[in-house]
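Morning, everyone. Please look at the screen.

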Amino acid sequence: MGKIAVYPGSFDPVTLGHLDLIQRASLLFDNVIVAVTVNPSKQCAFSLEERVAMVKKAAPRSNRIRVESFSGLLVDYVREKKACAIIRGLRVVSDFEFEFQMALMNRHLAKTVETVFLMPDERYTYLSSKLLKEIARLGGNTSSFLPKAIQKQVLLKLQ
Ligand code: PNS
């Protein structure tokens, strides 16, 4: 069996930054599972089902990339999938503190699971789903950051 990585997140909604990371991860691992979940410290604009459906629509069609959802502890899900790595994106220094804390906590919970940090293309270093939603709600142009396949659905919901 090849090497499997899990790319977890809220994906509320999925952005071109996330797709950039999925693409990069798929060059490093045999299989990438994009795992949509509930972040207890975030209030999502889209339901879990909507978020999964949007990632499925926007993600590259490849039999090495799968989109799923999970609830509960990330490390339990990673072990269940027999994955060896968790993929997380690092955009700016301010991401680092929380990501570092999560990576070490996940390592404490599951010794053999590594977190692999990938940096997105520079175009997406200042992008976040949170800012994107705010701009969309206020009628700004989000077309450089939203995958084409979900643009209509996102704007319909937020505007
Ligand atoms: O896209 P996000 O919201 O930054 O992703 C955060 C996420 C979903 C990866 C994190 O909240 C998470 O891992 N949630 C699952 C519950 C869990 O395992 N928590 C302990 C983390 S150390």
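A residue counts as near a molecule if one of its heavy atoms lies within 4 Å of it. Keep that cut-off in mind. Also keep in mind that this is a predicted model.

So which residues are around the ligand? They are Gly9, Ser10, Thr37, Asn39, Lys42, Gly72, Leu73, Leu74, Arg88, Met102, Met105 and Asn106. Sort that shell by class: 4 nonpolar, 6 polar and 2 charged residues. Which helix gives the largest share of the shell? Helix α4, residues 93-109, with 3 residues.

Start with Ser10. An N or O atom in the Ser10 side chain is 2.5 Å from an oxygen atom of the ligand. Lys42 also uses its side chain: an N or O atom there is 2.8 Å from a ligand oxygen. With Leu74, look at the backbone. A backbone N or O atom of Leu74 lies 2.8 Å from an oxygen atom of the ligand.

How much of the ligand does the protein bury? Taken alone, the ligand exposes 550 Å². The protein buries 83% of that. And the space the ligand takes is the largest pocket.

Last stop, Arg88. Find it in strand β4, residues 85-89. Is Arg88 buried or exposed? Its relative accessibility is 19%. Buried means under 20%, so Arg88 counts as buried. Arg88 is one of the residues around the ligand. Its side chain also has a partner within the protein: a polar contact of 2.8 Å joins it to the side chain of Glu99.

That's my tour. Thank you.

Key
Residues numbered from 1 in each chain as written. Predicted model: local features only at pLDDT ≥ 70, side-chain atom pairs only at ≥ 80, totals over all residues. Heavy atoms only, no water. Polar contact = N/O pair within 3.5 Å; in protein donor to acceptor, adjacent residues only side chain to side chain. Areas by Shrake-Rupley, 256 points an atom, 1.4 Å probe, with all protein chains shown as cover. 1 Å grid on protein atoms, 1.4 Å probe; cavity = no way out; pocket = protein on both sides within 12 Å on 5 of 7 lines; lining within 4 Å. Sits in = over half its atoms within 2 Å of the grid points. Helix = DSSP H or I, 4+ residues; strand = E, 2+ residues; numbered from the N terminus. Nonpolar A, V, L, I, M, F, W, Y, C, P; charged D, E, K, R; others polar. Buried < 20%, exposed > 50% of the residue type's maximum accessible area, 1.4 Å probe, protein only.
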